[in-house]
Amino acid sequence: MSNKIRKISIGSDYKNDAMHYSVGQEVYGGHIISDILFQESNGEYLVYIQKNKEILPWKKFNSNMAIAVEFDLQYSE
């Protein structure tokens with residue numbers, strides 16, 4: 001099973017008030033979310049964006065916030 005993160009939601013009210021960020025989502029003036037990573041060493045989630053061939057760090061969330069994570073599940077037959 002993969003631990004690749006597909007989507008992260010920030011906020012205590014998932015359905016009504018949370019901000020949702022998904023890999024492949026267009027954000028920030030034509031940039032695309034390229035990766036969402038978890039840094040185990042400091043408990044932070046990092047969101048990276050890409051435009052053309054340039055990848056930039058965009059957002060950082062610490063694990064003290066209300067966070068829901070969706071993993072990219074891929075099953076083999």
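Contact means heavy atoms within 4.5 Å. The model discussed here is predicted.

Q: What makes residues count as touching I49, and which are they?
A: Heavy atoms within 4.5 Å make a contact. Leaving aside residues up to four places away in sequence, I49 touches V27, Y28, H31, I32, I33, S34, E54, I55, L56 and W58. The C-alpha atoms of I49 and V27 are separated by 8.1 Å, although the two are 22 residues apart along the chain.

Q: Why is I49 called buried?
A: Buried means under 20% relative accessible area. The value for I49 is 2%, so I49 is buried. This residue is found in strand β5, residues 44-51.

Q: Why is the pair of Y21 and W58 called edge-to-face?
A: The structure holds three aromatic pairs. In the pair of Y21 and W58, the centres are 5.7 Å apart, within the 6.5 Å limit, and the planes stand at 85 degrees, over the 60 required; the pair is therefore edge-to-face. It links distant parts of the chain, with Y21 in strand β2 and W58 in strand β6, 37 residues apart.

Q: Why does W58 count as partly exposed?
A: The relative accessibility of W58 is 25%, between the limits of 20% and 50%, so W58 counts as partly exposed. Y21, at 7%, counts as buried.

How values were computed: Residues are numbered from 1 along each chain as its sequence is written. This is a predicted model: local features need pLDDT of at least 70, side-chain atom pairs count only at pLDDT 80 or more; totals for chains, interfaces and linings use all residues. Side-chain values use heavy atoms; hydrogens and water are left out. Helices (H or I, at least four residues) and strands (E, at least two) are DSSP runs, numbered from the N terminus. Buried means under 20% relative accessible area, exposed over 50%, partly exposed in between (1.4 Å probe, protein chains only). Rings of Phe, Tyr and Trp (its six-membered ring) pair if their centres lie within 6.5 Å; planes under 30 degrees apart count as stacked, over 60 as edge-to-face and the rest as tilted.
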